Amino acid sequence: MIYPDLFRKSWDRALKRLGLPGYNPHDLRHKWATVPLSNGVPLHEVSRWMGHSSIKITVDRYGHLTLDGSDRCRQVIEATFGVHMLSGFPAPRELGAELVLA
């Protein structure tokens, strides 16, 4: 490359004209990974899209952004049964449960 810092100078000039903070191009990559993971996209998918050689790289860098198992389970249950849970119907009883001694 004839002008090794041409991209960086152009980038900085564009940010200044737009009135944006001093982001670097790699910040866009982090933002791109953060948005889908924060919204429930599976970690292995984002890892593949990012081109990481191992999912461990993605987990180490972005693992804190994923929904843990209990949060994800709660979301699935609420999405599936939420209407019934909020409607005031009692939870279904297990047949014979009244026969069990406490």
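**Figure 1. Salt bridge between Asp12 and Arg8 in the predicted model.** The side chains of Asp12 and Arg8 meet in a salt bridge (a side-chain nitrogen of Lys or Arg within 4 Å of a carboxyl oxygen of Asp or Glu), with an N to O distance of 3.3 Å. Both residues lie in helix H1, four residues apart, about one turn of the helix; helices are DSSP runs of H or I with at least four residues, numbered from the N terminus. Asp12 is partly exposed because its relative accessibility is 36%, where buried means under 20% relative accessible area, exposed over 50% and partly exposed in between (1.4 Å probe, protein chains only). Residues are numbered from 1 along each chain as its sequence is written, and side-chain values use heavy atoms, without hydrogens and water.

**Figure 2. Salt bridge between Glu45 and Arg48.** The closest N and O atoms of Glu45 and Arg48 are 2.5 Å apart. Both residues belong to helix H3, three residues apart. Glu45 is partly exposed at 23% relative accessible area, whereas Arg48 is exposed at 54%.

**Figure 3. The largest nonpolar core.** Six residues form this core: Ala33, Leu37, Leu43, Val46, Met50 and Tyr62; such a core is a set of buried Ala, Val, Leu, Ile, Met, Phe, Trp, Tyr and Cys residues joined through side-chain atoms within 4.5 Å. Helix H3 gives the most to this core, with three residues.

Definitions and conventions
Predicted model: local features only at pLDDT ≥ 70, side-chain atom pairs only at ≥ 80, totals over all residues. Helix = DSSP H or I, 4+ residues; strand = E, 2+ residues; numbered from the N terminus.
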